[in-house]
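I opened this notebook to keep track of what I looked up in one structure, entry by entry.

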Amino acid sequence: MTSIHPTLTPSELVDDYTPAPVVRSDVVYEGRVWDVVQEEADLGDAGRVTRDFVRHPGAVAVLAMRGEPGAEEVLVIRQYRHPIGAQEWEIPAGLLDVDGEPPHEAALRELYEEADLRAGRLDLLIDYASSPGGLSEQLRVFLARDLTDVSEDDRFEREEEELDMPTGWARLDDVVDAALAGRLHNPTLLMSCLAARAARDAGWAPLRAPDTPWSVHPAFAPKQ
């Protein structure tokens with residue numbers, strides 16, 4: 001059967017990060033953590049378009065895993081998210097808001113601050129753009145293993161919406177099943193667990209080094 005759509009080769013399956021020329025850029029709302037920006041971009045033959053979006057510093061997340069092969073468990077935390085009015089299950093995550101801090105070190109810090117855990121092994125699991133139609137956030141997810149508990153007198157003091165967050169271990173396969181059944185909705189949790197099961201089924205071969213260059217994030221792109 002013929003198709004008007006070409007079959008792509010593996011080498012063609014890569015996003016092209018070549019920004020369109022920006023004719024105008026204005027901050028229309030300045031927030032506590034991120035801003036709303038309005039930009040006019042020149043798309044060449046397609047003309048100029050105006051888009052409003054959230055300018056975001058980016059974030060990291062960490063999927064903490066323990067257990068025997070085939071029966072792995074992942075750490076989940078429950079946190080209230082007011083924009084959707086829900087107490088949802090997530091994994092430790094945080095903004096890239098410490099100047100000069102490498103992403104993999106930020107992930108280890110979040111694991112310590114939100115889960116009272118330290119990791120003996122850290123691998124890069126997956127990168128993704130959270131909502132490319134309206135948010136500039138790039139997010140990098142790490143897989144943490146060989147875990148140890150932080151002693152009680154050395155634990156981070158949590159506050160505000162992170163205070164008294166319920167935590168627990170859940171089987172990786174159960175999380176994936178709950179996601180596919182529509183019972184879990186946090187995108188980072190879903191994406192990381194789906195990626196972890198795919199990587200596990202491939203013998204963990206797809207995992208990358210934690211300090212793999214992150215060229216699509218403006219703050220970590222190679223300097224010209």
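I began with Asp116, which lies in the loop between α1 (103-115) and β8, where helices (H or I, at least four residues) and strands (E, at least two) are DSSP runs numbered from the N terminus. Asp116 has a positive phi of about 55° although it is not a glycine. I noted beside this that most residues other than glycine have a negative phi. With a relative accessible area of 13%, Asp116 is buried; I use buried for under 20% relative accessible area, exposed for over 50% and partly exposed for what lies in between, with a 1.4 Å probe and protein chains only.

The model is predicted, and I kept to its conditions: local features need pLDDT of at least 70, side-chain atom pairs count only at pLDDT 80 or more, and totals for chains, interfaces and linings use all residues. Residues are numbered from 1 along each chain as its sequence is written, and side-chain values use heavy atoms, with hydrogens and water left out.

Trp204 counts as partly exposed, because its relative accessible area is 21%. Just after α2 I found Gly182 with a positive phi of about 85°.

I counted 3 helices and 10 strands, and along the sequence they follow the pattern β-β-β-β-β-β-β-α-β-β-β-α-α. The C-alpha atoms fill a box of roughly 60 × 50 × 40 Å along the principal axes, and 33% of the 224 residues count as buried. Taking contact as heavy atoms within 4.5 Å, I noted that residues 24 or more positions apart account for 59% of the contacts with a separation of 6 or more.

Which residues have the most contacts inside the largest nonpolar core? They are Leu63, Met65, Val74, Leu125, Val141, Leu189 and Cys193, in a core of 25 residues; such a core is a set of buried Ala, Val, Leu, Ile, Met, Phe, Trp, Tyr and Cys residues joined through side-chain atoms within 4.5 Å. The elements that give two or more residues to this core are β4 (59-66), β5 (73-81), β8 (117-129), β9 (138-149), α2 (172-180) and α3 (187-201), and α3 gives the most, with 6 residues. Apart from this core lies another, of 15 residues, among them Leu96, Ala115, Leu122 and Leu124.

With a salt bridge taken as a side-chain nitrogen of Lys or Arg within 4 Å of a carboxyl oxygen of Asp or Glu, the count comes to 17. Arg55 and Glu39 form one of them, at 3.4 Å from N to O; Arg55 lies in strand β3 (residues 48-55) and Glu39 in strand β2 (residues 35-42), so the pair ties together parts that are 16 residues apart in sequence. Arg55 is partly exposed at 37% relative accessibility, whereas Glu39 is buried at 17%. Arg109 forms a salt bridge with Glu101, the closest N and O atoms being 2.9 Å apart.

Which two helices does the pair of Asp173 and Arg200 link? Their side chains meet in a salt bridge at 3.2 Å, N to O, with Asp173 in helix α2 and Arg200 in helix α3, 27 residues apart. Asp173 is buried at 18% relative accessibility, and Arg200 is buried with a relative accessible area of 16%. Salt bridges that share partners join Glu72, Asp173, Arg197, Arg200 and Asp201 into one network.
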